[in-house]
Amino acid sequence: MIASLPMYWRHETAPAWRRLWAEVRRHLPGLPDLIPPEDLPADWDAHWLAPDLVLSQTCGLPFRARLHPHVTYVGTLDFALPDTPPGLYRSVIVTRPDEPRPTAALQLAYNAPDSQSGWAATGGQTFAGYHCTGAHSASVEAVACGAADIAFVDAVTWRILRHTEPGLAARVSVRGTTAATPGLPLISARTRDPEPLRAALSAALSALPDGDRRDMGGPQGLCVLGPAAYLAQPIPAPPPA
């Protein structure tokens with residue numbers, strides 16, 4: 001069996017995620033340790049589609065584009081973002097302070113072409129150029145240093161960055177936010193019953209210490225949105241080459 005929770009995992013947040021998982025394992029003895037992101041295969045789809053996957057977290061775009069027929073949807077963490085329904089999230093749009101130009105004149109930094117928050121959240125807008133950075137934090141850095149002009153950043157990641165890298169966050173300004181869409185789905189192997197995992201996750205989240213909750217971006221509980229909530233979202237064209 002294998003498990004991971006890679007999407008909001010950083011050096012600073014890893015201990016809190018491990019403690020959450022330890023509490024899940026207390027309710028479901030026999031579960032494996034979490035695999036940190038740096039030890040996952042280069043092709044994360046191979047991990048997400050593994051027949052012995054107990055639990056992982058993916059992004060809404062790959063889930064609806066290619067994973068959903070082959071995995072079991074378990075649930076979605078609710079981070080209680082401002083003015084956002086439970087289980088949903090948004091992207092924060094960042095530029096350098098006092099950026100006067102319209103969006104179409106700006107160079108976009110995006111974390112990955114299959115990212116809901118970094119690419120799909122742009123909603124098909126046209127930009128003056130496109131730069132794939134590999135991570136939301138790298139997109140913020142690209143904007144801050146002038147390598148790009150605008151980035152769409154997962155609002156939970158932005159919350160974590162403001163806590164872990166306040167100096168970087170202070171070098172950019174929030175231009176706006178996007179519409180809310182379903183948050184990052186938790187998935188398991190196609191043959192696994194999700195109910196025991198849902199119960200264990202809900203219990204573990206309710207017992208989470210305040211400090212760990214803050215470090216992890218603020219997870220409050222587990223929502224079961226269902227696959228249809230994700231499949232209702234459009235699949236965008238890929239970024240221009």
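## Helix packing and loop residues in a predicted model

The buried residues of α3 pack against α2, β3 (71-78), β11 (185-189) and α9 (227-231). The model is predicted.

User: Which residues of α3 are buried?

Analyst: α3 is mostly covered, with six of its eight residues buried. Their packing partners are α2, β3, β11 and α9. The buried residues are Gly60, Leu61, Pro62, Phe63, Arg64 and Leu67.

User: Where is threonine 58 placed, and is threonine 58 buried or exposed?

Analyst: Threonine 58 sits in the loop between β2 (53-57) and α3 (60-67). Its contacts, leaving out residues up to four places away in sequence, are Met7, Trp48, Phe63, Leu67, Leu184, Pro185 and Ile187. The cut-off for buried is under 20% relative accessible area. Because its relative accessibility is 0%, threonine 58 counts as buried.

User: What is the C-alpha separation of leucine 49 and valine 71?

Analyst: Leucine 49 lies in the loop between α2 (44-48) and β2, and its relative accessible area of 38% makes it partly exposed. Not counting residues up to four places away in sequence, leucine 49 touches Leu67, His70 and Val71. Leucine 49 and valine 71 are 22 residues apart along the chain, and their C-alpha atoms are separated by 6.7 Å.

User: Which side chain makes a polar contact with the side chain of serine 4?

Analyst: Serine 4 belongs to the loop between β1 (2-3) and α1, and at 0% relative accessibility it counts as buried. With residues up to four places away in sequence left out, serine 4 touches Leu34, Ile35, Leu40, His47, Leu55, Ser56 and Gln57. The polar contact, at 2.7 Å, joins the side chain of serine 4 to that of histidine 47.

User: How many Å apart in space are serine 4 and arginine 159?

Analyst: In sequence, serine 4 and arginine 159 are 155 residues apart. Taken from C-alpha to C-alpha, their separation in space is 21 Å.

User: Why is helix α5 largely enclosed by the rest of the structure?

Analyst: Helix α5 covers residues 155-164. Its buried residues pack against β5 (91-95), α4 (136-145), β8 (150-154), α6 (166-169), β9 (173-177) and α8 (210-215). By name, the buried residues are Ala155, Val156, Thr157, Trp158, Ile160, Leu161 and Thr164. Helix α5 is largely enclosed because seven of its ten residues are buried.

User: Which residue caps the N-terminal end of α5?

Analyst: The cap involves a side-chain oxygen that lies 2.7 Å from the backbone nitrogen of valine 156. The capping residue is aspartate 154.

User: What is the handedness of the crossing of α1 and α7, and which classes of residue make the contact?

Analyst: The crossing of α1 and α7 is right-handed. From α1 the contact uses Leu20, Glu23, Val24 and His27, and from α7 it uses Ala200, Leu201, Ala203, Ala204 and Leu205. Sorted by class, the contact has seven nonpolar, one polar and one charged residues.

Note on methods: Residues numbered from 1 in each chain as written. Predicted model: local features only at pLDDT ≥ 70, side-chain atom pairs only at ≥ 80, totals over all residues. Heavy atoms only, no water. Buried < 20%, exposed > 50% of the residue type's maximum accessible area, 1.4 Å probe, protein only. Helix = DSSP H or I, 4+ residues; strand = E, 2+ residues; numbered from the N terminus. Contact = heavy atoms within 4.5 Å. Polar contact = N/O pair within 3.5 Å; in protein donor to acceptor, adjacent residues only side chain to side chain. Left-handed = near helix turned anticlockwise from the far one by under 90°. Nonpolar A, V, L, I, M, F, W, Y, C, P; charged D, E, K, R; others polar.
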